[in-house]
Every structure is written in C-alpha cells, then in structure tokens.
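Work through the two exercises below with the sequence and the model in view. Each task is followed by its solution in steps.

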Amino acid sequence: MKDFRERPFQLEMAQAVAQAIAGNEMLVAEAGTGTGKTVAYLVPALLSGGKVIISTGTKTLQDQLFDRDIPAVREALSVPVTVALLKGRANYVCHYHLERALNDGRLPTREEAQHLGAIERFARTTTTGDKAECAGVPETSGAWFHSTSTRENCLGSQCPRHDGCFVMAARRKALEADVVVVNHHLFFADLALRDEGVAELLPACNTVIFDEAHQLPDTATLFFSESLSTTQLSALARDVRLEGAAGAKDYAPLPEAAQALNRFASELRLVFQPAGGRFPARDLDGYPGFDSALDAVMGGLDQLAGELKGQAERSEGLKRCWQRTLALAEQLERWRSGSDETRVHWVELFSHSLHFNSTPLSIAEIFSGRVDEDVRAWIFTSATLSVNRDFGHYCQQLGLANARTASWDSPYDFADQALLYIPERIPEPNTPEHTEAVVEAALPLIEATRGGAFMLFTSLRAMRHGHQRLRDAFESRGLEFPLLLQGEGSRSEMLVRFRDLGNAVLVGSQSFWEGVDVRGEALSLVVIDKLPFTPPDDPVLAARIDWINREGRSAFFEYQLPEAVITLKQGAGRLIRDETDRGVLMICDPRILTRSYGKRILASLPPMRLTRDAAEAVEFLATRIGPAPMARRARTRK
C-alpha cells in the first residue's frame, strides 16, 4: 500500500481482531489517533472468508470506507471480496412518491418544484437512485421529502413500482456481498424495528464491526426510544389527502378529516413559545392550553382512523394510512399514560415541530439481548472508549459483560509535539464572565499561531457569545484572521474553507468536537472552554441520575464523569493528526486541577507536558510552528 509504514500497535490490534473473529468473540478495542485502526480491522475482516457488516458513525466515513479504504486493502491482499454500500431508505429516490408528488403539483416554493423536476430526470437515468449522485439538488432540499419514502409510508411488496425500487435493489446487492458498509443509524433501525429487507442481513453475517463505536450508546438510545412528532402527524395528513385524491375522490369526509388533523397538529405546536427546549413530561402538567390541544390531536386521529377504516380496501396506500393512524394514536396514548418506570417521557421543541419521546433509562439489557441472539463476532473500536484505560462505563452502557477489552496508545510523540495549557486565574465555568475570560486568554495564542485555531464551546449560547467577543477583539487589535462560525455552512463546507484559508479561527460547538481531521499548520491551537459535562437539567440525563442514585450508586462518578471524559478526549483529538503536527491544547476550566476527579481526566488525555504559563504556551507555538509562510502573511495583511 502506498505510504504504508509498519506500526507495532496496528499489528497487535489486527491480531486481536483476527482472534475475536475466529472465536466469535466480543472485542472492545481503543486505538489512539495514528494507530491505523481502519486497516487493522479491515485486513482480518477481508481475510476471514465470512460475511462482514461494517457500521460507521457517519455517511462521510461510510463513503470513505467504500470508495477508498476497502478497495486499497482488497487490492493489497488480492482477495476476491465483493463489497456493497447500503444507506437508509431516505437516501434513495422512490418512484411511487415521486410520481405522486409530480401529479399533485403542490410544493411550497418554485425552487422546490424545479428540484423535483431535476429529481425526475435523475430517476430516469440513474442505476442506484442514490440522492448523493443527483447533481444540482441539495441534500437539504424539501423536494427530497416528496420523492423518497419512510418506513411508515412505504408500500412494500404491494407498491406498483416495487420491481424498480432502488431501496430493494440496494438491499439485494447487500445480501449478495461479502462485506456490507452501513452506518450506525441504519444498523439500529434494522435491529430495533426489523425493517423490511435489512433484517435479512444480520442472520447471514459472521462478523459485525462498529467503527467510531463511542457513538453507539447515544445511537442505540435513539432507536430503542419511541418518538412521535407533529411533523409525522402533518405528513400523515398529507399522505391521506394524496392517497384519497388517487383512490377515493368521491369520499369528501376523508380530506376533511386529514385537514383537521393537520390543523390540530399545528395548534399543538403553537401552544409553546417559538424557542426550542427539552422538558420532562411532568413539567407540562397544567401548561396553559396543552391538555386541550393534545385532546384535539387524539380526537383528530380517532376521527381520521374512522374515516379511513371504511376506505382502506380501495387502495394499498389508503390501507397503509389507516394502519399508520392507528399506530400513531396508540403511541401517543402510551406516551400520555407514562406508566413505565423504566423509561423517561419528555418533549422536545423545534422551530416548527414538537416531539414526544419515551426513552429507556438503560439500553444495556435491550442491546445485549440482541447481541446474544446469534453466535458471531462483535468488534467495537474507536479512539475514545475508556477512562484511563477503564472500559467499565462503556461496557456497562451496552451490556457487554463478556467482552474482551484492549487499548493501544497513539504512536505520536505528544510530549514533544503538543503542550497542554490550563490558564491561571481563569474564572469558574459557571460564572457570567467565564466566556469573555476564555477569549481574552486565547487571544495571545491565536496571534502566536497566526490563526489556525479551533475554539470549541460546550453550549451554543457560549459559542455565540465567544464568537462576538472574538470579532470585537479582532477589530480592536487590528487582527485580520478569517473568523468562521458553526452554522454558516455545512460542516464539510466549513472544513474546506478552514483548510484552504490556512489562518482561520473556527468557533464551533458539538459539530466540531469529533469526526474532524485537519492536518498541518492550518490547525495548531485547540481551545476548549470547559469540561463537557452534559447539563443536569436535560430530562433524560436527570432521570438517569435519579435512577442511579436511587440504587445507592454515584451517578457522577459512574455516568457523568466518564461521559465528560470521553467527549473531552474527542475534542482534544482534533489537535495532533500526524507525526509532523505541532500545537497547543488549551482547556479553560480550573476544575481539572482543583477538583479530586481532575486527576482521572488528566490521566485519560494524551501524555502532553502541562503548563499554566501563558508565555510558555506562546513561546511553544512561536518556536514549533516557525516563521509565517509568505502566502499566509499576505492573507493576514488584507
């Protein structure tokens, strides 16, 4: 392989993975940045001779594996392995829903109507139906909502366009392939919902490999939860109207009932203020207008179900709408009763929708039960799974009591390449002046590194405040480094801009804490405003804390601290990405040194030299990064 270098830890990891595959074992493998874990698991997986499912954290990594990593390893090994890429159904054009939308002709904007026409032309020529290949139509366009299917509105084998279905074609290829690349969301959709077609993959599989496995607890929690939204109710009303227009034009009460449900769903959302938020269900008791608005929605569902029952036999689409209506009514009633003590019931507000959620307090028993159903190898790997080499928290979350664990350090020389800087006299993180102090403390380092910095905040509010303070400081000091803010474009677009500029400062929150790879001088400083403890007022976290403490255990040390450490390791991992990188990790939270638990946090970070002296941090950047290249000096003078 091009640029391949022998790495002892990579070989050790590959041997551990091979052993787990041969013995149908569970392996939890943590490998630091630069170990080469992708090749370490791909080599034994491709040589195993069995069917392998590889699940990744993001579609970006999914594409990278399919397009680059697997072909390179397969060529190097000269093994005749067939590979398939499988995405969720929302990524494929649905002929039936596209035709229905074209016939209806009702779209919110002229731009979406143009996009729908482009999708129609794409559907006539594509062999995959993958919307990522449809040039000219953004993945965020509302036209995709009208030309793809969901699990709820797919007609399955009864669809008149079933023979040409892109989703089923992709799944047939996946069934025939030796290696199937999916993402965590699709894997858990299958595991939790037994979605049609995909469920056939797992029984035939010998090995499952989860890359970026630190994301699994959150993803599993999402899919073992139940969620219902006002958007789903509106989508049901829209589908009833469209199916009724096609199969029951003569029955006027049907569109009337659909319109009423849509109105009730909108009125339910309008009960709340426009701002978003997450609340436990108990906080809604007595909320002005909530109970009556929810009663109206449930009455609207009952009315619609009654109208659909008499028309369901007229078409498969109407029959599915009737079944969806009954299922949503049952789910909403279950949420309202809130009688299950093993789950927390809560709501989340978005700008145009309201979500009703029911989340298990623990997914360990559910997940381990699915893992133990069949004999196969399970590999969980990431750069961040342990707290100071202790995998107890991770394994407990997923119920992996019998898993073998292993950890390999990064091969990078952190003692020489990086410096950990914790500023002196930084205010406590819960004080109003903390964010401003973070910016003031970071400015000398930003000047020393001539831009090339990530400013990572633990909340959107602090991020926006920090961005404003940085902008003001740049203006007052005459600094002309480009200043980028999360949300000004997609994450991938912003990363391209950041790399191309070479001297930018990117201010971000959760989106940039992980899965971001910037090498070289474009990123030489990572500033983290505070230890990333999840706010205890989050309804799911609050319920889990209460549950753990009621059992006589310590929720802080057993749950909150390990979660914060793993998140912090992800943020810290943005700094050193190869052997030549140099830089400073700046953590602006004094608790890492003043609280007893700080030692556990420090022991979990890469072995960097620690300083509290700003001058030392500035000197490290100035001497290690070297003089500014002419191109960068020219940019900063503009």
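Angles under 35 degrees count as roughly parallel, over 145 as roughly antiparallel, 65 to 115 as roughly perpendicular, and the rest as oblique. The model is predicted: local features need pLDDT of at least 70, side-chain atom pairs count only at pLDDT 80 or more, and totals for chains, interfaces and linings use all residues. Residues are numbered from 1 along each chain as its sequence is written, and side-chain values use heavy atoms, without hydrogens and water.

**Exercise 1.** Classify how helix α17 (residues 434-448) and helix α18 (residues 460-477) are set to each other.

Step 1. The axes (lines fitted to C-alpha atoms over the stretch in contact, with angles from 0 to 180 degrees between N-to-C directions) come within 10 Å and cross at roughly 50°.

Step 2. α17 and α18 are therefore oblique to each other.

Step 3. Contact means heavy atoms within 4.5 Å. On α17 the contact residues include T435, V439 and L443, and on α18 they include H465, R469 and F474.

**Exercise 2.** Describe the lining of the second largest pocket.

Step 1. A pocket is an open set of points on a 1 Å grid where a 1.4 Å probe fits, with protein on both sides within 12 Å along at least five of seven lines; lining residues have an atom within 4 Å of a point.

Step 2. The lining holds 25 residues, and A281, R282, G338, V344 and H345 lie nearest the centre of this pocket.

Step 3. α20 gives the largest share of the lining, 5 residues.

Step 4. α12, α13, β8 and α20 each supply at least two lining residues.

Note on methods: Helices (H or I, at least four residues) and strands (E, at least two) are DSSP runs, numbered from the N terminus.
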